[in-house]
Amino acid sequence: MPHPSVLVVTSCTGEKCAKPENQLTLADFKDPEHLQRREAELAEFLCTAGKMYTGMQHLRLMEGVQLLRQALGQDAVDVAILSAGYGLIEENWAIAPYEVTFNNMRVNEVDDWARSLDLHSTFEKAITPYNLIFLLLGENYLRSLTLPVETRPDQTLVFLASNSSTRFIRTLAAKTFILPLSNTDAKRYRYGLVGLKGFLFKRFAEAVCKDAELLKTVYEEPTVFQKVIDQQETQLELTLGLSIPSAKKASKQVIKPQTEDYLAIPPCPPAPNVHLGMQYYIPEWDDRVDPNYGFLTDTLTPGRDPYNDIYAHEIYPSPNYDGILVSKVVVDESKTKRARVEAAGGIHNFIRFPGQIMGDCGAFGYIKEEVPPYNTDEILEYYENLGFNYGVSIDHLIVGPFAQPGEREKRYEITLKNAEDFIKKHRELGYTFTPMGVAQGWNPESYANAVKEVIGMGYDYVALGGLARAQTKEIVPILKAISPHLKPNVRLHLFGVARIEAIPVFRHLGVTSFDSASPLRQAWLSGTKNYHTLSSKTFMAIRVPPTERGLKIKRALESGSVDLETFKRYEQEALDALRQFDVGTLDLETTLKTVLTYSKLIEEQENKTDSKKSIDLEPFYLEILKEKPWNSCKCLICQELGIETVIFRNNDRNRRRGFHNTYVFYKRFKALLEENLDQGSEQLSRLKHLSGVL
Ligand SMILES: [Zn+2]
């Protein structure tokens, strides 16, 4: 045995890379079908488990894992995460952000939920192929495994566990070593108790990098683990502080003005289709508001029909997008909705938009299915009957866990086969909408091949899927590989990607349209970047939640532990203060204090049931109140509503703020296009200053 096969099992952490308001909760996990729908809603936040968690334990652990992989190869160690929502999952599983932890469950809740997740036997199966298994689990997580499980004498288990949780570790057939950890240990290792397990694993990994034999030694004699980490000198670049980095520090980093540098255009010739220009599509997901909403009283129009609420393009004198993308999953959301779209006489009438409408199947909605749940005949009919201008062939995403060799080829073939079928039948039956063929892939070569094939089938509009979550630096090489295959008459759509800093590059490489709802949805889903401006600077919206809305507060109210009157008074005072501040009858200091008093009250209530750290709102609020960005925005919404636009409260404010963000994005996008992008670097340096002059 060169090295023992290593598995690390670790707890999920509350801190995640995205924390959308509508993240999954325990209730969502209880019904698989419902979960699938909710995950589709959160598609833009899907991310592999390895990257989702940003808690200290996870970050330190993954740094250690990276070290081992660099030293011993990618297969040196596997990671499994014990998620209180998803159960025991592999590192490369695609998951959505959720707010579920075993930490705040009562013991019988832990036991019940662990049983529904089948943790005991999943865990038993998961560790079978490994020789050396490290467990970095908190008390209730260890409890949830209901040890003992079946192990073998040729296995070694190393537990890093708090003193009190060691009682859940039972005698096993495998060699077992327990490293019990306490506050004293945290001091001794000069690392906070939160994250200590991950930190110690990283220490061990550092030692293994110097001496690879240590893995085998610990496998044979696990008590050596403690000796190794005690001897391993503390690395100075690590967080030596005893506490986790303060929220204040984090907020300062975010707060500094973000000036985006436009990416340099690569030294390759422009794509042959560059003269076709570039268009922005917005994906539609019932983004409507009540036109007669009462902002002072927070009341909806009595007896209104939500389908008659208005879209952004019905508010602004001209739309802030060139077209709209409507996914089939959105149309089919309910029987009523589908019926209303049909009764309206098609998609244009339903969303009251005369411009270009593109239809797709919403591949994120069925990412986990083996094959897409639609067939080409019905989809062709659907696009034609509802009057779409463009219809996208049925594709299957190749991302995250579905990009593994074996699986990815299947999905690649399905996507191409569907594209071929789609255009063939489109021709035969004489449909009138413009067909778009999808190309999926997993690296520049596979994408380029797919695009070549799709163009070969006769398409003059190709769509690239699966890149919504990819980094720009991953997308650019793909576009570079595709670019030579494009033709002067072939358009290229990029699904789910809107990055202002990359637009000149994307256009140079042949992208002629893209879609994204990210500016819109950041208004309520982003933690700190809720209000966008033309200068590219972003602000956090001021949270004044309705007292009775928050679940936790509701519970507190019901149990009588909170006085409703007090809450309501503080809430009204916060709103009044902001409105007075906006018209200049209240000073900044008092306004800030009044708003924060209410926030604190809410926060205290939330912290009672949730141990997660909340960020310090003060510097964010101070900044937005000081700069009053809504005053300098010329959009209709800001002009009409003033400070209401930046108050984080109810759909009618939050979504309007999203409309404003879309307005800002589109203005910046158009300004970029008007600059002639393809005339070399001199133009490019001007682009860099463009945000300043808008
Ligand atoms: Zn505005």
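## Spaces, barrel and local geometry

The second largest pocket lies between domain 1 (6-245) and domain 3 (322-516), because both domains give residues to its lining. The model is a predicted one. This pocket holds about 380 Å³ of space. Its lining has 14 residues. Nearest the pocket centre are Gln-36, Arg-37, Val-329, Gly-365 and Tyr-374. Two elements each give two or more residues to this lining: H2 and helix H14 (328-331). The largest share comes from H2, with 4 residues. By class, the pocket lining has 7 nonpolar, 2 polar and 5 charged residues.

The second largest cavity also brings in these two domains. Domain 1 (6-245) and domain 3 (322-516) both contribute to the lining of this cavity, so it lies between them. Its lining consists of Gln-36, Glu-39, Ala-40, Leu-46, Ala-94, Phe-364, Gly-365, Tyr-366, Ile-367, Lys-368 and Phe-402. Helix H2 (residues 32-41) gives the most here, with 3 residues. Gln-36 lines the cavity and is one of the residues nearest the centre of the pocket. Gly-365 likewise lines the cavity and is named among those nearest the pocket centre.

The structure has 5 cavities of 30 Å³ or more. The largest cavity is lined by Ile-282, Pro-283, Glu-284, Asp-287, Tyr-311, Ala-312, His-313, Tyr-321, Leu-520, Phe-659 and Thr-662. Strand S9 (279-283), helix H13 (312-315) and helix H29 (650-674) are the elements that give two or more residues to that lining.

| Space | Volume | Lining by class |
|---|---|---|
| Largest cavity | about 100 Å³ | 7 nonpolar, 2 polar, 2 charged |
| Second largest cavity | about 80 Å³ | 7 nonpolar, 2 polar, 2 charged |
| Second largest pocket | about 380 Å³ | 7 nonpolar, 2 polar, 5 charged |

Next comes the barrel. It is closed, has 8 strands and runs S9-S12-S13-S14-S15-S16-S17-S18, with parallel pairing. Neighbouring strands of this sheet are turned by 25° against each other on average, direction ignored. Strands of a sheet pair through backbone hydrogen bonds, either parallel or antiparallel. Ile-324 has Ile-357 in S13 as its bridge partner. S9 belongs to the barrel and also gives residues to the lining of the largest cavity.

How many salt bridges are found in the whole structure? The search returns 37. One of them joins the side chains of Arg-143 and Asp-111, at 2.9 Å from N to O. This pair links distant parts of the chain, 32 residues apart. Arg-143 sits in helix H7 (residues 139-144), and Asp-111 sits in helix H5 (residues 107-116). Side chains of opposite charge can pair when their charged atoms come close.

Some backbone details remain. Leu-147 and Pro-148 are joined by a cis peptide bond, with omega about 5°. Pro-148 lies in the loop between H7 and strand S7 (156-162). Asp-286 is not a glycine, yet its phi is positive, near 55°. Asp-286 falls in the loop between S9 and strand S10 (288-289). Lys-628 also has a positive phi, near 40°. Its place is the loop between helix H26 (618-627) and helix H27 (629-632).

Key:
Residues numbered from 1 in each chain as written. Predicted model: local features only at pLDDT ≥ 70, side-chain atom pairs only at ≥ 80, totals over all residues. Heavy atoms only, no water. 1 Å grid on protein atoms, 1.4 Å probe; cavity = no way out; pocket = protein on both sides within 12 Å on 5 of 7 lines; lining within 4 Å. Points joined across faces, edges and corners; volume = space filled by probe spheres on them. Nonpolar A, V, L, I, M, F, W, Y, C, P; charged D, E, K, R; others polar. Domains from an automatic or database assignment. Pairing = 2+ DSSP bridges. Axes fitted to C-alpha atoms, helices over the stretch in contact; angles between N-to-C directions. Salt bridge = Lys/Arg side-chain N within 4 Å of Asp/Glu carboxyl O.
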